[in-house]
Amino acid sequence: WGKSNTTKKSIPVQKQSLVETSNNNSNVVDIPAQFKKKRGKGLKPPSKMMRLITNAIVQWDMIQEGDRLLLGLSGGKDSISLLHCLLEFQRKLPINFEIEVCTIDPMTPSFDPSPLIPYVESLGLRYHYIRDDIVERANKSGGNGKVVSSLCAFCARMKRGNLYTCARRNNCNKLVLAQHLDDCAESFLMSVMHNGFLRTMKANYKVNAGDISVIRPMVYCRESLMTEFAKAANLPVINENCPACFEEPKERARIKKLLSREETLFPTFYDNIRRSIIPLLHEDATAILRSYTEEALAKSKREKGNSNKNSKKVVTDDEEKKDEATTMTESSSSNKPQSSSLQLLLCEASDDELIKEIARRRADKFRLAGSMKRLSKDDGVELPNDPTGQVCSLDGAAGTIPCR
């Protein structure tokens, strides 16, 4: 992120702030006069933060022409910092996109994000402030009408559902969340330790309904960047002090301390994590990895079941011919162009089979990436003599090359 040669453009915004409740009632909020000045309009985020967000936006195709973004604004340092980064992109990028903001107020005495209303209004943005008594609903949403087992998980689901509803109601096609690299690293480690699965937050994915994309532009940013920016710019951070979240040390806080200790030993620790989780940030990563896991586990279960029964599977002539035909089709599909019969087989393939085929093709494409090209005399290069008389073999006698 540096100096841009693109001309600045003014994008019309709707200067209306909405306060909504969970029953879809809304009313316009009167803004105090002292907040009607364009406070914060000229804030410029740090260049390092902008550069990392730019990399994420480009690599994961997050923002396109004509997008309508809905930013989930909790009032924390991360979401407020991302808000000003999006405003800076809106001024600098040569594409047009709109920004709207939404805050979910869980109506708890310890958390009051209402001071955000005049602040966001001062930025000239359309603001949706939704009040939802999530704690009251949690007391009745558990089994047999009792309290839920995990208030934090229930609150997160309810907030996300309200954000989806707000996005659909206001024709926003992308929901913007402010999770950063530290959050992704913690989620990755928690998934490995407690679920036995390689998974973390996705950079850009579509919800199950397919009408909204969720993007996380700060997946490459360290949390310290937002902390420094919030302090330097004196951003109006709203500290959340929910008793359910802070009454006892949580697992995420423990993982954060664990990662911090490792970073003191390995200064490039988070840089390596950022590179290593790039495949897991992809929308299809979880499905592909899960298909591999279930396939391997299913094989061991079948073998165990067969050994317990002490019986062999009887294969009829028709089944044997069918297996031979399937094998011939699979072996010829890589060498022959697609025909109508192969397309028919593609239509009949299951989701798991399609995922496996796509993964196989991508693996074949990148399996030899970075390997050294083997030189021969046919290439016009004179290979050096081997004084030891020894021979190294890469793939058997036919592939012998002199030792170096």
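Strand β3 (residues 68-72) and strand β4 (residues 98-105) run parallel and are joined by 5 bridges, strands being DSSP runs of E with at least two residues and helices DSSP runs of H or I with at least four residues, in each case numbered from the N terminus. Two strands are taken to pair if DSSP finds at least two bridges between them. Within this pairing, Gly-72 has Cys-102 of β4 as its bridge partner. Strand β3 is mostly covered, with 4 of its 5 residues buried, where buried denotes under 20% relative accessible area, exposed over 50% and partly exposed the range in between, computed with a 1.4 Å probe on protein chains only.

The model is a predicted one, in which local features need pLDDT of at least 70 and side-chain atom pairs count only at pLDDT 80 or more, whereas totals for chains, interfaces and linings use all residues. Residues are numbered from 1 along each chain as its sequence is written, and side-chain values use heavy atoms, with hydrogens and water left out.

Helix α2 (residues 77-92) has 16 residues and spans 23 Å from its first C-alpha to its last, close to the 22 Å expected, the expected span being 1.5 Å times one less than the number of residues. Because 14 of its 16 residues are buried, α2 is largely enclosed by the rest of the structure. Helix α5 (residues 151-169), with 19 residues, reaches 27 Å between its first and last C-alpha, close to the expected 27 Å. The buried residues of α5 include Phe-154, Met-158, Leu-163 and Tyr-164, and the helix is followed by Asn-171, whose phi is positive, near 60°.

Helix α6 (residues 181-195) packs against helix α10 (residues 269-276) at an angle of about 70°, with the axes 10 Å apart; axes are lines fitted to C-alpha atoms, for helices over the stretch in contact, and angles run from 0 to 180 degrees between N-to-C directions. The two helices, α6 and α10, are therefore roughly perpendicular to each other, a term applied to angles of 65 to 115 degrees. Leu-181, Asp-182 and Ala-185 of α6 and Tyr-270, Ile-273 and Arg-274 of α10 make the contact, which is defined by heavy atoms within 4.5 Å.

The axes of α6 and helix α9 (residues 251-265) come within 10 Å and cross at roughly 105°, and α6 and α9 are therefore also roughly perpendicular to each other. Among the residues that meet here are Leu-189 and Met-193 in α6 and Ile-255 and Leu-258 in α9.

Key:
Angles under 35 degrees count as roughly parallel, over 145 as roughly antiparallel, 65 to 115 as roughly perpendicular and the rest as oblique.
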